[in-house]
Amino acid sequence: QMPTLIGGAAYWSLTPLTGGRQSTPAGIPIGFEEDSAYLGPLGRLVEATLAVPNAVKQLATMESFRYVTLRHLLATPDLRLISVWNPTFLTLLLDTMAQEWERLLDDVAAGTLTVANEIDAELHKQLARGFRPDPARARKLRALDPRDPQTLAQLWPRLALVSCWADGPAARFAAELEARLPAVLLQPKGLLATEAMVSLPWLGASGAVLALTSHFLEFVDEAGTTYLAHELQQGGLYSVVVTTGGGLYRYQLHDQVEVVGQVLATPTIRFVGKTDRVADWFGEKLNEQFVARALDTLWARRGLRPRFALVAPAELADGFAYTLYVETDALGNTDSLAVELDALLRESFHYDYCRRLGQLGQARVRVVRDGAAAYLAVCQARGMKLGNIKPALLDRGTEWEWEFFRP
């Protein structure tokens with residue numbers, strides 16, 4: 001649908017093997033060697049256009065991984081397509097570019113690659129292959145501000161499309177990324193799960209079109225009634241059930257979608273959230289969709305656009321209390337914000353009941369720094385692959401107080 005993307009370089013997000021390669025007890029590899037392998041035979045075409053070599057995944061630290069990735073991207077003025085999963089992945093990459101701007105330009109001018117000495121000489125040689133001194137480009141770039149969205153347009157004048165998650169909890173982070181790339185089309189990925197491809201992006205459509213030729217799809221409404229694709233109603237909310245050629249039979253993905261339109265007589269959908277993302281320590285039964293609506297109300301009342309937000313229970317000396325970990329400017333009085341948040345959460349009967357019983361204390365607000373980076377780091381430490389870490393607004397775990405505010 002966008003022929004101008006053909007023939008140019010592309011960046012498909014790679015996942016560093018910070019935890020090393022993993023296999024099952026029988027020796028079967030867990031996950032793909034390259035993210036492009038998700039596309040099967042088409043992946044070979046993708047690899048031929050890669051702006052960043054697959055070898056970057058062998059770097060041991062996120063700092064080195066991001067730096068080397070940026071070094072390659074700066075050496076690729078013909079970049080036309082960026083495909084990442086989580087929009088914060090690219091936002092954090094752009095933040096690193098601003099922080100390392102002078103060092104990156106020194107490398108561009110000299111044709112070098114300066115990386116901390118945790119990599120061996122052979123890997124360094126492999127990663128630096130093809131770099132040539134380019135003092136003219138370095139001089140041109142030194143006149144630019146890496147935090148200015150217009151700078152990105154000059155770095156990659158042919159960049160036309162960024163593909164990432166942009167629905168459900170990812171929507172606010174995608175909007176921030178879109179503001180930093182105003183001349184580039186940001187295309188939501190549709191609903192892609194490890195188990196099944198449910199929908200595909202389609203230019204000009206509202207939502208993503210159902211992948212009807214990939215799997216057998218069923219949809220369950222909130223009353224428990226099951227529908228086929230041609231029976232879906234505009235505006236309806238449904239959970240997705242898939243039967244796949246890989247052997248899954250009526251498999252519940254726990255993904256809730258909304259029907260938002262139609263393309264070629266086929267429904268288009270928008271991802272809303274996970275139906276199984278529920279925090280329920282004492283019977284409060286908070287689910288992510290409800291928390292998302294509460295936060296949207298909060299942001300609208302206060303005129304806020306947070307860079308990061310996560311609601312999670314905290315186990316304190318005097319009991320449990322749900323806490324909003326937020327990163328934003330001009331937040332104002334956090335005490336009044338906490339009272340307001342608690343009132344919004346108490347619109348849920350079950351949460352309000354737990355509050356009245358004293359099982360839960362009043363909601364709290366804690367300001368964090370580099371929240372998205374910390375969240376990704378914790379998820380990676382849990383063994384999750386970067387491409388599988390979806391933005392979340394609610395987490396059931398009580399460890400976030402420690403993770404965000406380690407002594």
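Q: Which side chain does the side chain of Ser83 join in a polar contact?
A: That would be Lys189: the two side chains are joined by a polar contact of 2.8 Å. Keep in mind that this is a predicted model.

Q: Where does Ser83 sit, and what else is it in contact with, leaving aside its neighbours within four places in sequence?
A: Look in strand E2, which covers residues 79-83. Besides Lys189, the contacts of Ser83 beyond four places in sequence are Tyr11, Trp12, Ser13 and Ser163.

Q: Does Ser83 count as buried or exposed?
A: Buried means under 20% relative accessible area. Ser83 comes out at 7% relative accessibility, so it counts as buried.

Q: What is around Val242, leaving aside its neighbours within four places in sequence?
A: Val242 is in contact with Ala196, Val198, Phe216, Leu217, Leu248, Tyr249, Arg250, Tyr251 and Leu253. Also check the C-alpha atoms of Val242 and Glu218: they are separated by 6.3 Å, with the two residues 24 apart along the chain.

Q: On to helices. What describes two packed helices?
A: You give the angle between their axes and the distance between the axes. Take H3 (residues 87-99) and H8 (residues 171-180): their axes come within 9 Å and cross at roughly 40°. That makes H3 and H8 oblique to each other, and the crossing is left-handed.

Q: Which residues make the contact between H3 and H8?
A: From H3 it's Pro87, Thr88, Leu90, Thr91, Leu94 and Asp95, and from H8 it's Phe173, Ala174, Glu176, Leu177 and Arg180. Sorted by class, this contact has 6 nonpolar, 2 polar and 3 charged residues.

Q: How do H9 and H10 pack, and at what angle?
A: Helix H9 (residues 288-302) and helix H10 (residues 334-345) pack at about 140°, and their axes are 10 Å apart. Angles over 145 degrees count as roughly antiparallel, but H9 and H10 are oblique to each other. Their crossing is right-handed.

Q: And which residues of H9 and H10 meet?
A: On the H9 side, Phe290, Val291, Ala294, Leu295, Thr297, Leu298, Arg301 and Arg302; on the H10 side, Ser336, Leu337, Glu340, Leu341, Leu344 and Leu345. By class, the contact of H9 with H10 has 9 nonpolar, 2 polar and 3 charged residues.

Notes: Residues are numbered from 1 along each chain as its sequence is written. This is a predicted model: local features need pLDDT of at least 70, side-chain atom pairs count only at pLDDT 80 or more; totals for chains, interfaces and linings use all residues. Side-chain values use heavy atoms; hydrogens and water are left out. Helices (H or I, at least four residues) and strands (E, at least two) are DSSP runs, numbered from the N terminus. Buried means under 20% relative accessible area, exposed over 50%, partly exposed in between (1.4 Å probe, protein chains only). A polar contact is a pair of N or O atoms within 3.5 Å; within protein, one must be able to donate a hydrogen and the other to accept it, and residues adjacent in sequence count only if both atoms are side-chain atoms. Contact means heavy atoms within 4.5 Å. Axes are lines fitted to C-alpha atoms, for helices over the stretch in contact, and angles run from 0 to 180 degrees between N-to-C directions. Angles under 35 degrees count as roughly parallel, over 145 as roughly antiparallel, 65 to 115 as roughly perpendicular and the rest as oblique. A crossing is left-handed if the near helix is turned anticlockwise from the far one by less than a right angle, and right-handed if clockwise. Ala, Val, Leu, Ile, Met, Phe, Trp, Tyr, Cys and Pro count as nonpolar, Asp, Glu, Lys and Arg as charged, and the others, Gly among them, as polar.
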